[in-house]
Amino acid sequence: MKKLIFAFMMVFSAVSFQQAEAQFLQVGVRGGLNYPTISGIEAGTYTGFHAGTYFRFNALGLISVEPGVQYSQKGYRAGEASSMGSTSDRLHYIDVPVLVRVTILPLVNIFAGPQASYLVGRNYDGATSFTTTDNLKNYDLSGVVGIGLNLPLGFNLQGSYDFGMTSLEYDGMDTRHNVVKISLGKNF
């Protein structure tokens, strides 16, 4: 009987520890659409996407810290959709946000934090086409603000706004990224 009680206590302790660890740390994936603009350039958005992973550390119950890493497309499109007047520039970044989330209702949270981005590629199409990143800074610092919804089965939905805090020095101009993101995520 003592052995049975001891075995039951060991299993109960292991399950309790695993649940406590899962409540402290959540790992997830997230992806969605980007609607970027570059301030200082007369151009429209060039819809892109983002995808990556995050780690959520639940600190004080209602507050969590969420570092992540994701691939993100930014850039712009200008002019008519004809072969002579259209220009587009798709910029490829690796974003590393560090967000602080505050739960305001059981299903709703708000978040904010800094984001560092590293330029990894470019596709420019206009009168000429090229992929060089020589006339751009290879990093960007932004702020991120947004709101999220916790859905059943570990899914989450969020909307966020990334606002550039440093100049891209796009062709020597003072320009900044501004990106609206809509994302769907899944906690594991």
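1. The charged end of Arg-101 lies over the Phe-111 ring, 4.3 Å from its centre. Lys-186 places its charged end over the ring of Phe-155, 5.2 Å from the centre. The rule for a charge over a ring: NZ of Lys or CZ of Arg within 6 Å of the ring centre and within 35 degrees of the ring normal.

2. This is a predicted model: local features need pLDDT of at least 70, side-chain atom pairs count only at pLDDT 80 or more, and totals for chains, interfaces and linings use all residues. Residues are numbered from 1 along each chain as its sequence is written, and side-chain values use heavy atoms, with hydrogens and water left out.

3. There are five aromatic pairs (rings of Phe, Tyr and Trp, its six-membered ring, with centres within 6.5 Å; planes under 30 degrees apart are stacked, over 60 edge-to-face, the rest tilted). Tyr-161 and Phe-163 have ring centres 6.3 Å apart and planes at 25°, so this pair is stacked.

4. Tyr-161 is partly exposed at 35% relative accessible area. Phe-163, at 31%, is also partly exposed (buried is under 20%, exposed over 50%, partly exposed in between; 1.4 Å probe, protein chains only).

5. The largest pocket has a volume of about 220 Å³ (the space filled by probe spheres set on grid points joined across faces, edges and corners). A pocket is an open set of points on a 1 Å grid over the protein atoms alone, where a 1.4 Å probe fits, with protein on both sides within 12 Å along at least five of seven lines; lining residues have an atom within 4 Å of a point. Of its 15 lining residues, Gln-26, Arg-56, Asn-58, Thr-103 and Asn-150 are closest to the centre.
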